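Have the sequence and the 3D view open side by side as you read.

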Amino acid sequence: MLSYITWTFDPILFHLAGLEVRWYGLMWALGFFLGYTVESRVYKREGLPDEAMDSFFIYMAIGTLIGARIGHCFFYDWNYYSSHLLEVFIPKGGFSGLSSHGGAFGILFSLWLFQKRVIKTKSYIWVLDRVVIAVSICGACIRMGNLFNHEIYGFPTDLPWAFRFVENVGAWINGAEPIFSQPSHPTQLYEVTYCLVTFFILLYFYWKTEARKYEGFLFGVFLVCVFLTRFLLEFIKNNQEAFEDSMMFNMGQLLSIPFFLYGFYSIYKAYGKWKADKTLTRE
């Protein structure tokens, strides 16, 4: 029986007019498509017009991409980009990174604008409670993209599902012999798993219970499921940047803490109202 999996998946899907089309980009596109499909069903159930959904997609897509790019440059490589601000959005040789935490901040800001300008009759938290269902499935797709890219994996392990990833991906896709990592935790798949679990939990709460009526509950469940798991998973992941090696908690963990703490608070507050309503109903 094999003690590890040698991962030799080509990150390039195909070439088009001299440009590389990567699986990573396809996974982002698939994530947006699935998220849009799920959210459109939610908005239809809520009786909102199609125009609201079209605006939602535009705000969401722009906010996610800009936030993810700024987040990577600011949180993980500020020493370089502080002196090369123009390259944040006009990089030399293509985009070098996107940050999920930056994407989260981008989503929060863009949907605040969306609520203020498009669906003023709904609260900001109402919007967040519903968008997290779509974000969960989109996050799973993006982490699959990281797997195809041979990036953001974990520490060496002797578990039978360990992966050996190509470390010199850039040279390898141009014909060089691959240099493999030690058998390591495929943390991308762990993150795909918790995103999917979160997605199905939120679907259940939204469609099968009264949770959607209590603002902040679904949003809080998402924050705890995703960011607390992310915080714990970072203990077996390689740091993305060298400066994190001397830190007690790496950047991903530090950025996750306020999210899951607010998630616990939001669940507590919303569940208190839900429980009180159940008590009044029984009386």
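Is F163 buried or exposed? F163 is buried, at a relative accessible area of 6%; buried here means under 20%, exposed means over 50%, and partly exposed is anything in between, using a 1.4 Å probe and protein chains only.

## Ground rules

This is a predicted model, so to speak of local features pLDDT has to be at least 70, side-chain atom pairs count only at pLDDT 80 or more, and totals for chains, interfaces and linings use all residues. Residues are numbered from 1 along each chain as its sequence is written, and side-chain values use heavy atoms, with hydrogens and water left out.

## Aromatic pairs

There are 33 aromatic pairs in the structure. W7 and F163 make one of them, a tilted pair with 5.5 Å centre to centre and 45° between the planes. Rings of Phe, Tyr and Trp (its six-membered ring) pair if their centres lie within 6.5 Å; planes under 30 degrees apart are stacked, over 60 edge-to-face, and the rest tilted. This pair ties together distant parts of the chain, 156 residues apart: W7 is in the loop between β1 (5-6) and β2, while F163 is in strand β4 (residues 163-164). Helices (H or I, at least four residues) and strands (E, at least two) are DSSP runs, numbered from the N terminus.

F9 and F148 form a stacked pair, 4.6 Å centre to centre with 20° between the planes. Here too distant parts of the chain are linked, 139 residues apart, with F9 in the loop between β1 and β2 and F148 in helix α5 (residues 124-148). F9 is partly exposed at 28% relative accessible area, whereas F148 counts as buried at 9%. Both pairs belong to one aromatic cluster made of W7, F9, W23, F148, Y153, F163 and F165.

## Charges over rings

R41 lies over the face of W207, 5.6 Å from the ring centre. R212 does likewise with Y206: its charged end sits over the ring, 5.9 Å from the centre. To count, NZ of Lys or CZ of Arg has to be within 6 Å of the ring centre and within 35 degrees of the ring normal.

## The hairpin

Strands β2 (residues 12-16) and β3 (residues 19-22) run antiparallel and are joined by four bridges; two strands pair if DSSP finds at least two bridges between them. L16 stands opposite L19 in β3. Two residues sit between the strands of this hairpin, and A17 takes a positive phi near 55°.

## Pocket and cavity

The second largest pocket has a volume of about 190 Å³. Its lining has 14 residues, with I62, G63, G106, F109 and S110 nearest the centre. Both α2 (50-76) and α4 (100-117) supply at least two lining residues each. By class, the lining of this pocket has seven nonpolar, six polar and one charged residues.

A search of the whole structure turns up one cavity of 30 Å³ or more. The largest cavity has a volume of about 40 Å³, and its lining includes Y76, R230 and E234. On a 1 Å grid over the protein atoms alone, a cavity is a set of points where a 1.4 Å probe fits but cannot get out, and a pocket is an open set with protein on both sides within 12 Å along at least five of seven lines; lining residues have an atom within 4 Å of a point. Grid points are joined across faces, edges and corners, and a volume is the space filled by probe spheres set on the points. Ala, Val, Leu, Ile, Met, Phe, Trp, Tyr, Cys and Pro count as nonpolar, Asp, Glu, Lys and Arg as charged, and the others, Gly among them, as polar.
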